[in-house]
Amino acid sequence: MLRTLCRTGGLILQTQRTVPRLCVNPVRQRWASSLPMNTVVLFVPQQEAWVVERMGRFHRILEPGLNFLIPVLDRIRYVQSLKEIVIDVPEQSAVSLDNVTLQIDGVLYLRILDPLKASYGVEDPEYAVTQLAQTTMRSELGKLTLDKVFRERESLNSNIVHSINQASDEWGIRCLRYEIKDIHVPPRVKESMQMQVEAERKKRATVLESEGTREAAINVAEGRKQAQILASEGEKAERINKAAGEAQAVLAKAEAKAKAIRMLSDALTEQNGNAAASLSVAEQYVSAFSNLAKESNTILLPSNTGDISGMVSQAMTIYSTLAKPSMRVTPEVLEENREEAANPSGSPQEKRINE
(Lines give C-alpha, C1' and ligand atoms only; values in the text may rest on other atoms or scores of the structure.)
Protein backbone atom coordinates (compact mmCIF):
# COMPACT_ATOMS: atom_id res chain seq x y z
CA MET A 1 0.00 0.00 0.00
CA LEU A 2 2.78 2.43 0.98
CA ARG A 3 4.76 1.47 -2.11
CA THR A 4 1.82 2.17 -4.36
CA LEU A 5 1.29 5.55 -2.65
CA CYS A 6 4.96 6.53 -3.09
CA ARG A 7 4.86 5.63 -6.77
CA THR A 8 1.69 7.66 -7.24
CA GLY A 9 3.27 10.66 -5.48
CA GLY A 10 6.38 10.38 -7.61
CA LEU A 11 4.40 10.31 -10.84
CA ILE A 12 2.35 13.31 -9.78
CA LEU A 13 5.55 15.16 -8.85
CA GLN A 14 7.20 14.41 -12.20
CA THR A 15 4.04 15.52 -14.01
CA GLN A 16 4.09 18.82 -12.13
CA ARG A 17 7.83 19.45 -12.80
CA THR A 18 7.80 18.65 -16.49
CA VAL A 19 5.97 21.87 -17.31
CA PRO A 20 8.39 24.72 -16.48
CA ARG A 21 7.38 28.30 -16.35
CA LEU A 22 9.42 31.23 -17.56
CA CYS A 23 10.15 33.77 -14.83
CA VAL A 24 10.64 37.13 -16.52
CA ASN A 25 12.37 39.93 -14.62
CA PRO A 26 13.27 43.37 -15.97
CA VAL A 27 16.94 42.41 -15.90
CA ARG A 28 17.09 38.67 -16.60
CA GLN A 29 15.23 35.58 -17.83
CA ARG A 30 15.71 32.27 -16.06
CA TRP A 31 13.80 29.00 -16.15
CA ALA A 32 12.37 27.92 -12.77
CA SER A 33 10.17 25.04 -11.66
CA SER A 34 6.56 25.57 -10.69
CA LEU A 35 5.57 24.99 -7.08
CA PRO A 36 4.96 21.27 -6.47
CA MET A 37 1.71 20.03 -4.98
CA ASN A 38 1.43 18.33 -1.63
CA THR A 39 1.17 14.62 -2.46
CA VAL A 40 2.02 13.43 1.08
CA VAL A 41 5.20 11.73 -0.17
CA LEU A 42 7.66 14.11 -1.87
CA PHE A 43 11.13 13.72 -3.28
CA VAL A 44 13.22 16.93 -3.07
CA PRO A 45 16.03 17.19 -5.69
CA GLN A 46 19.62 17.85 -4.72
CA GLN A 47 20.65 21.52 -4.28
CA GLU A 48 17.09 22.68 -3.77
CA ALA A 49 15.26 23.84 -0.64
CA TRP A 50 11.46 23.69 -0.38
CA VAL A 51 9.90 26.05 2.13
CA VAL A 52 6.75 24.53 3.71
CA GLU A 53 3.97 26.48 5.42
CA ARG A 54 1.44 24.89 7.72
CA MET A 55 -1.86 26.70 7.81
CA GLY A 56 -0.23 29.83 6.32
CA ARG A 57 2.71 29.88 8.74
CA PHE A 58 6.29 28.79 8.20
CA HIS A 59 6.74 25.19 9.25
CA ARG A 60 10.02 23.78 7.97
CA ILE A 61 12.38 23.43 5.03
CA LEU A 62 12.45 20.13 3.20
CA GLU A 63 15.88 18.63 2.73
CA PRO A 64 16.88 16.76 -0.48
CA GLY A 65 15.50 13.24 -0.55
CA LEU A 66 12.32 11.63 0.82
CA ASN A 67 9.90 13.84 2.79
CA PHE A 68 6.34 13.46 4.11
CA LEU A 69 3.72 16.19 4.42
CA ILE A 70 0.20 16.35 5.81
CA PRO A 71 -2.36 16.95 3.11
CA VAL A 72 -4.45 20.14 3.20
CA LEU A 73 -2.53 21.54 6.21
CA ASP A 74 0.96 21.70 4.65
CA ARG A 75 1.73 23.68 1.52
CA ILE A 76 4.98 24.18 -0.39
CA ARG A 77 5.26 27.96 -0.57
CA TYR A 78 8.77 28.64 -2.02
CA VAL A 79 11.35 26.65 -3.97
CA GLN A 80 14.89 28.03 -3.62
CA SER A 81 17.86 26.84 -5.68
CA LEU A 82 21.09 26.50 -3.71
CA LYS A 83 23.29 26.50 -6.83
CA GLU A 84 25.45 29.42 -7.82
CA ILE A 85 23.39 31.84 -9.87
CA VAL A 86 24.83 33.95 -12.69
CA ILE A 87 23.01 37.19 -13.49
CA ASP A 88 23.81 39.63 -16.28
CA VAL A 89 23.78 43.20 -15.05
CA PRO A 90 22.45 45.31 -17.95
CA GLU A 91 24.39 48.19 -19.39
CA GLN A 92 24.01 51.42 -17.49
CA SER A 93 25.49 54.89 -17.52
CA ALA A 94 27.71 56.25 -14.79
CA VAL A 95 29.66 59.48 -14.33
CA SER A 96 33.28 59.31 -13.21
CA LEU A 97 35.02 61.72 -10.89
CA ASP A 98 36.31 63.80 -13.82
CA ASN A 99 32.77 64.11 -15.29
CA VAL A 100 33.08 61.52 -18.05
CA THR A 101 29.93 59.51 -18.85
CA LEU A 102 30.61 55.77 -19.13
CA GLN A 103 28.47 52.85 -20.23
CA ILE A 104 29.27 49.78 -18.11
CA ASP A 105 27.78 46.30 -17.87
CA GLY A 106 28.81 43.35 -15.75
CA VAL A 107 28.15 39.84 -14.49
CA LEU A 108 27.02 39.02 -10.95
CA TYR A 109 27.64 35.68 -9.24
CA LEU A 110 25.60 34.93 -6.12
CA ARG A 111 24.31 32.04 -4.03
CA ILE A 112 21.42 31.58 -1.57
CA LEU A 113 22.78 30.61 1.85
CA ASP A 114 19.62 30.89 3.94
CA PRO A 115 16.40 29.83 2.11
CA LEU A 116 14.25 31.17 4.96
CA LYS A 117 15.62 34.74 4.70
CA ALA A 118 15.60 34.57 0.92
CA SER A 119 11.92 33.62 1.00
CA TYR A 120 10.61 36.03 3.62
CA GLY A 121 13.27 38.76 3.73
CA VAL A 122 12.70 40.23 0.27
CA GLU A 123 10.08 39.79 -2.40
CA ASP A 124 12.45 39.03 -5.31
CA PRO A 125 15.99 38.45 -3.96
CA GLU A 126 17.71 38.20 -7.33
CA TYR A 127 16.12 41.36 -8.66
CA ALA A 128 16.96 43.19 -5.44
CA VAL A 129 20.61 42.13 -5.62
CA THR A 130 20.80 43.18 -9.27
CA GLN A 131 19.44 46.64 -8.53
CA LEU A 132 21.81 46.94 -5.60
CA ALA A 133 24.73 46.00 -7.87
CA GLN A 134 23.78 48.72 -10.35
CA THR A 135 23.50 51.46 -7.74
CA THR A 136 26.72 50.35 -6.05
CA MET A 137 28.54 50.36 -9.39
CA ARG A 138 27.47 53.93 -10.11
CA SER A 139 28.50 54.98 -6.61
CA GLU A 140 31.96 53.38 -6.87
CA LEU A 141 32.60 54.79 -10.34
CA GLY A 142 31.81 58.27 -9.10
CA LYS A 143 34.82 58.01 -6.77
CA LEU A 144 37.35 57.27 -9.53
CA THR A 145 38.70 59.18 -12.49
CA LEU A 146 38.61 57.74 -16.00
CA ASP A 147 42.23 56.59 -15.95
CA LYS A 148 41.83 54.84 -12.60
CA VAL A 149 38.68 53.04 -13.78
CA PHE A 150 40.77 51.13 -16.34
CA ARG A 151 43.71 50.55 -14.00
CA GLU A 152 41.77 49.56 -10.88
CA ARG A 153 39.09 47.26 -12.22
CA GLU A 154 40.01 44.54 -9.75
CA SER A 155 39.69 46.82 -6.73
CA LEU A 156 36.46 48.23 -8.17
CA ASN A 157 34.99 44.72 -8.43
CA SER A 158 35.99 43.87 -4.86
CA ASN A 159 34.45 47.11 -3.54
CA ILE A 160 31.17 46.37 -5.30
CA VAL A 161 31.07 42.81 -3.87
CA HIS A 162 31.76 44.13 -0.37
CA SER A 163 28.99 46.73 -0.62
CA ILE A 164 26.48 44.17 -1.93
CA ASN A 165 27.27 41.67 0.83
CA GLN A 166 26.71 44.26 3.53
CA ALA A 167 23.13 44.81 2.33
CA SER A 168 22.30 41.25 1.23
CA ASP A 169 23.09 39.54 4.54
CA GLU A 170 19.51 40.19 5.69
CA TRP A 171 18.24 38.49 2.52
CA GLY A 172 20.22 35.28 3.01
CA ILE A 173 22.15 35.83 -0.21
CA ARG A 174 25.93 35.87 -0.61
CA CYS A 175 27.55 37.70 -3.52
CA LEU A 176 30.56 35.67 -4.55
CA ARG A 177 32.11 37.97 -7.17
CA TYR A 178 31.34 40.70 -9.64
CA GLU A 179 33.05 41.18 -12.96
CA ILE A 180 32.89 44.20 -15.28
CA LYS A 181 32.50 43.02 -18.87
CA ASP A 182 32.74 46.13 -21.01
CA ILE A 183 33.40 49.81 -20.47
CA HIS A 184 32.27 52.11 -23.27
CA VAL A 185 33.42 55.72 -23.43
CA PRO A 186 32.12 58.54 -25.67
CA PRO A 187 33.74 58.79 -29.13
CA ARG A 188 35.38 62.16 -28.45
CA VAL A 189 36.84 60.91 -25.19
CA LYS A 190 38.07 57.83 -26.99
CA GLU A 191 39.82 59.98 -29.59
CA SER A 192 41.40 62.05 -26.81
CA MET A 193 42.61 58.87 -25.14
CA GLN A 194 44.14 57.70 -28.41
CA MET A 195 45.93 61.01 -28.82
CA GLN A 196 47.13 60.79 -25.23
CA VAL A 197 48.45 57.28 -25.83
CA GLU A 198 50.30 58.42 -28.96
CA ALA A 199 51.77 61.41 -27.13
CA GLU A 200 52.87 59.16 -24.29
CA ARG A 201 54.55 56.79 -26.71
CA LYS A 202 56.32 59.66 -28.47
CA LYS A 203 57.44 60.95 -25.08
CA ARG A 204 58.84 57.56 -24.11
CA ALA A 205 60.57 57.28 -27.48
CA THR A 206 62.13 60.72 -27.04
CA VAL A 207 63.20 59.90 -23.50
CA LEU A 208 64.73 56.62 -24.60
CA GLU A 209 66.57 58.34 -27.45
CA SER A 210 67.92 61.03 -25.12
CA GLU A 211 69.00 58.39 -22.62
CA GLY A 212 70.78 56.54 -25.42
CA THR A 213 72.55 59.74 -26.49
CA ARG A 214 73.54 60.43 -22.91
CA GLU A 215 74.87 56.92 -22.43
CA ALA A 216 76.83 57.20 -25.67
CA ALA A 217 78.33 60.55 -24.59
CA ILE A 218 79.21 59.09 -21.20
CA ASN A 219 80.87 56.10 -22.83
CA VAL A 220 82.86 58.35 -25.18
CA ALA A 221 83.96 60.56 -22.27
CA GLU A 222 84.93 57.51 -20.24
CA GLY A 223 86.93 56.21 -23.19
CA ARG A 224 88.75 59.51 -23.59
CA LYS A 225 89.43 59.65 -19.87
CA GLN A 226 90.87 56.14 -19.87
CA ALA A 227 92.94 56.97 -22.97
CA GLN A 228 94.38 60.09 -21.31
CA ILE A 229 95.11 58.16 -18.13
CA LEU A 230 96.89 55.43 -20.06
CA ALA A 231 98.79 58.02 -22.14
CA SER A 232 99.90 59.88 -19.00
CA GLU A 233 100.94 56.63 -17.36
CA GLY A 234 102.90 55.70 -20.50
CA GLU A 235 104.61 59.11 -20.56
CA LYS A 236 105.38 58.79 -16.86
CA ALA A 237 106.91 55.36 -17.37
CA GLU A 238 108.88 56.67 -20.35
CA ARG A 239 110.29 59.57 -18.32
CA ILE A 240 111.12 57.25 -15.44
CA ASN A 241 112.90 54.87 -17.77
CA LYS A 242 114.71 57.74 -19.49
CA ALA A 243 115.81 59.20 -16.15
CA ALA A 244 116.92 55.78 -14.99
CA GLY A 245 118.88 55.35 -18.23
CA GLU A 246 120.51 58.77 -17.89
CA ALA A 247 121.40 58.03 -14.27
CA GLN A 248 122.93 54.74 -15.26
CA ALA A 249 124.83 56.47 -18.08
CA VAL A 250 126.15 59.14 -15.70
CA LEU A 251 127.11 56.44 -13.23
CA ALA A 252 128.84 54.45 -15.95
CA LYS A 253 130.71 57.56 -17.13
CA ALA A 254 131.74 58.37 -13.55
CA GLU A 255 132.94 54.82 -13.01
CA ALA A 256 134.81 54.87 -16.31
CA LYS A 257 136.39 58.22 -15.44
CA ALA A 258 137.34 57.00 -11.97
CA LYS A 259 138.83 53.87 -13.50
CA ALA A 260 140.74 55.99 -16.00
CA ILE A 261 142.04 58.22 -13.22
CA ARG A 262 143.16 55.18 -11.23
CA MET A 263 144.89 53.75 -14.28
CA LEU A 264 146.55 57.12 -14.96
CA SER A 265 147.65 57.35 -11.36
CA ASP A 266 149.12 53.89 -11.53
CA ALA A 267 150.87 54.73 -14.76
CA LEU A 268 152.38 57.91 -13.30
CA THR A 269 153.82 56.01 -10.37
CA GLU A 270 155.65 53.66 -12.68
CA GLN A 271 159.08 54.31 -14.25
CA ASN A 272 159.16 57.07 -16.85
CA GLY A 273 155.68 58.15 -15.80
CA ASN A 274 156.67 61.82 -15.89
CA ALA A 275 157.84 61.51 -19.46
CA ALA A 276 154.50 60.00 -20.43
CA ALA A 277 152.66 62.81 -18.64
CA SER A 278 154.82 65.40 -20.43
CA LEU A 279 154.00 63.80 -23.76
CA SER A 280 150.25 63.85 -22.99
CA VAL A 281 150.36 67.52 -21.96
CA ALA A 282 152.28 68.42 -25.12
CA GLU A 283 149.72 66.61 -27.28
CA GLN A 284 146.81 68.36 -25.60
CA TYR A 285 148.53 71.73 -25.99
CA VAL A 286 149.09 71.19 -29.69
CA SER A 287 145.48 70.07 -30.13
CA ALA A 288 144.13 73.09 -28.25
CA PHE A 289 146.39 75.46 -30.18
CA SER A 290 145.14 74.04 -33.48
CA ASN A 291 141.51 74.90 -32.51
CA LEU A 292 142.27 78.55 -31.81
CA ALA A 293 140.13 81.08 -33.65
CA LYS A 294 137.69 78.41 -34.97
CA GLU A 295 134.78 79.15 -32.62
CA SER A 296 135.44 82.87 -31.90
CA ASN A 297 137.30 85.78 -33.51
CA THR A 298 138.70 87.02 -30.16
CA ILE A 299 141.36 85.00 -28.30
CA LEU A 300 143.96 85.61 -25.55
CA LEU A 301 147.46 84.21 -26.06
CA PRO A 302 150.59 84.28 -23.90
CA SER A 303 153.69 86.08 -25.18
CA ASN A 304 155.73 82.85 -25.60
CA THR A 305 153.31 80.77 -27.60
CA GLY A 306 156.14 79.11 -29.51
CA ASP A 307 157.94 77.83 -26.40
CA ILE A 308 156.30 74.39 -26.11
CA SER A 309 158.97 73.03 -23.80
CA GLY A 310 158.39 75.87 -21.37
CA MET A 311 154.67 75.25 -21.36
CA VAL A 312 155.21 71.53 -20.70
CA SER A 313 157.66 72.29 -17.91
CA GLN A 314 155.15 74.69 -16.32
CA ALA A 315 152.38 72.02 -16.53
CA MET A 316 154.66 69.43 -14.94
CA THR A 317 155.59 71.91 -12.22
CA ILE A 318 151.87 72.37 -11.40
CA TYR A 319 151.40 68.61 -11.43
CA SER A 320 154.38 68.08 -9.13
CA THR A 321 153.07 70.71 -6.75
CA LEU A 322 149.58 69.07 -6.60
CA ALA A 323 151.06 65.61 -6.29
CA LYS A 324 153.07 66.39 -3.14
CA PRO A 325 151.06 64.75 -0.34
CA SER A 326 152.60 66.80 2.41
CA MET A 327 152.07 70.13 0.76
CA ARG A 328 148.77 71.88 1.30
CA VAL A 329 147.48 73.62 -1.78
CA THR A 330 146.22 77.13 -1.05
CA PRO A 331 144.51 79.63 -3.34
CA GLU A 332 147.62 81.82 -3.31
CA VAL A 333 149.76 78.91 -4.51
CA LEU A 334 147.36 78.11 -7.30
CA GLU A 335 147.31 81.76 -8.36
CA GLU A 336 151.12 81.88 -8.45
CA ASN A 337 151.22 78.68 -10.49
CA ARG A 338 148.80 80.13 -13.01
CA GLU A 339 150.91 83.34 -13.31
CA GLU A 340 154.09 81.36 -13.81
CA ALA A 341 152.41 79.22 -16.45
CA ALA A 342 151.14 82.29 -18.24
CA ASN A 343 154.47 84.28 -18.19
CA PRO A 344 157.66 82.36 -17.51
CA SER A 345 159.73 85.58 -17.46
CA GLY A 346 157.75 86.90 -14.48
CA SER A 347 155.70 89.74 -16.16
CA PRO A 348 152.24 88.84 -17.43
CA GLN A 349 151.93 90.02 -21.01
CA GLU A 350 149.00 89.18 -23.21
CA LYS A 351 148.27 90.12 -26.71
CA ARG A 352 144.74 90.71 -27.96
CA ILE A 353 144.29 89.83 -31.60
CA ASN A 354 141.14 91.08 -33.32
CA GLU A 355 140.18 89.92 -36.73
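Which residues in α3 meet which residues in α5? In this predicted model, where residues are numbered from 1 along each chain as its sequence is written, local features need pLDDT of at least 70, side-chain atom pairs count only at pLDDT 80 or more, and totals for chains, interfaces and linings use all residues. Side-chain values use heavy atoms, with hydrogens and water left out.

On the α3 side, the residues that meet α5 are V129, L132, A133, T136, M137, E140 and L141; on the α5 side they are L156, N159, I160, S163, I164 and A167. Contact here means heavy atoms within 4.5 Å. By class, this contact has 9 nonpolar, 3 polar and 1 charged residues, where Ala, Val, Leu, Ile, Met, Phe, Trp, Tyr, Cys and Pro count as nonpolar, Asp, Glu, Lys and Arg as charged, and the others, Gly among them, as polar.

As for geometry, the axes of α3 (residues 125–141) and α5 (residues 153–168) come within 9 Å and cross at roughly 135 degrees. Axes are lines fitted to C-alpha atoms, for helices over the stretch in contact, and angles run from 0 to 180 degrees between N-to-C directions. The two helices are therefore oblique to each other (under 35 degrees is roughly parallel, over 145 roughly antiparallel, 65 to 115 roughly perpendicular, and the rest oblique). The crossing is right-handed, meaning that the near helix is turned clockwise from the far one by less than a right angle.

Zooming out, the chain has 9 helices and 12 strands, taken as DSSP runs numbered from the N terminus (helices H or I, at least four residues; strands E, at least two). Of its 355 residues, 26% count as buried (buried is under 20% relative accessible area, exposed over 50%, partly exposed in between, with a 1.4 Å probe and protein chains only).

Now for the core. In soluble globular proteins, nonpolar side chains tend to be buried together. A nonpolar core is a set of buried Ala, Val, Leu, Ile, Met, Phe, Trp, Tyr and Cys residues joined through side-chain atoms within 4.5 Å. The largest one has 32 residues, and L102, L108, I164 and Y178 have the most contacts inside it. At least two residues of this core come from each of β8 (85–95), β9 (101–112), α3, α4 (146–151), α5 and β10 (173–184), with α3 giving the largest share, 6 residues. Setting aside residues up to four places away in sequence, L108 touches I85, V86, I87, V89, V129, T130, A133, I164, C175, R177 and Y178. Another core, of 7 residues, lies apart from the largest one and has L42, W50, L62 and L69 among its members.

Two residues stand out for their backbone. Most residues other than glycine have a negative phi. Q47, however, has a positive phi of about 65 degrees; Q47 sits in the loop between β3 (41–44) and β4 (48–54) and is partly exposed at 32% relative accessibility. M55 also has a positive phi, near 55 degrees, and lies in the loop between β4 and β5 (57–62), where M55 counts as exposed at 64%.

Finally, E91 in strand β8 is partly exposed at 45% relative accessibility. Beyond its neighbours within four places in sequence, E91 is in contact with Q103, I104, D105 and H184.
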